[in-house]
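Q: I would like to learn how to read helix packing and strand pairing. Where do we begin?

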Amino acid sequence: MKHSDLNLFKERGEKITCLTAYDSSIAKLIDDCGVDVVLIGDSLGMVIQGEKNTRSVTMQDMLYHTEIVSNSCQQALVIADMPFQSYDSSEMAIINAQNLVIAGADMVKIEGGHEHEEVFRALSSNNINICGHLGLQPQMVTESSEYKIQGKDESSAELILSDALLLESLGISTLVLECIPSTLAKEVSTKLKIPTIGIGAGKDCDGQVLVCYDMLGITSGKLPRFVRNFVSTEGTIPLAISAFVKEVKAGTFPSTSESY
């Protein structure tokens, strides 16, 4: 799939499905089950490396996992996270993004808005496909207590919306919205021409993403309300992934109780 295909999904009103993958086996299952987008998330810092946040993930980590995941994806669009401090300058961002593309990424994902305007501008001018990420930004989180809903008050909601419009004007291809009220996510999704992919952002985003280990029941401990364990009802991993695809496409995931 090409990055431009994501706009076609939005135009025809078809929901985009996205799951994270970090290894070849899971990536192949996800790809075979018809998931539209595979994200190599820096969430691997927690689910693979056992760290308390994503900030320990290095470019070498991301290059390694991007290569092994992309090799197993024949159909899905592959997005790779730019890890913490890998885009502190435009020059650094260009080099690191180009290396992720060489490793197999179709697109790179960057957290944040106006504070990284020059980085977004530089990547766009170098023909690198970009996925934005607003709302909760995991790279800004150091303690688990900081995983909170964003955009609840008027000023922070306005900032998320203005950042979204800015990023679109700078040429990003799609936008992840994480842990924001569903009403705000709907407003952002309506006002943007590019598609939005939500995680904890309600059903009105143009697509949905989950960490694969969360929706497969592998993650231990208390999970956020927007996570659904699809294995518990479907029994096997392939059936669980297929159920995720079916429910997202049908608009039945996430439900109201799985939204903010």
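A: Two packed helices are described by the angle between their axes and the distance between the axes. Here helix H5 (residues 90–103) packs on helix H6 (residues 117–125) at about 45°, with the axes 9 Å apart. Axes are lines fitted to C-alpha atoms, for helices over the stretch in contact, and angles run from 0 to 180 degrees between N-to-C directions. Helices (H or I, at least four residues) and strands (E, at least two) are DSSP runs, numbered from the N terminus. This is a predicted model: local features need pLDDT of at least 70, side-chain atom pairs count only at pLDDT 80 or more, and totals for chains, interfaces and linings use all residues. Residues are numbered from 1 along each chain as its sequence is written, and side-chain values use heavy atoms, without hydrogens and water.

Q: Which residues of H5 and H6 meet?

A: Contact means heavy atoms within 4.5 Å. Ser 90, Ala 93, Ile 94 and Ala 97 of H5 meet Glu 118, Val 119, Ala 122 and Leu 123 of H6.

Q: How do the strands pair, parallel or antiparallel?

A: Two strands pair if DSSP finds at least two bridges between them. Eight strands close into a barrel in the order E1-E2-E3-E4-E5-E6-E7-E8, with parallel pairing. From one strand to the next, the twist averages 25°. E5 (residues 130–135) and E6 (residues 174–178) share five bridges. Leu 134 has Leu 177 in E6 as its bridge partner.

Q: Which helix lies across E5 and E6?

A: Helix H7 (residues 154–169) does, running at about 175° to E5.
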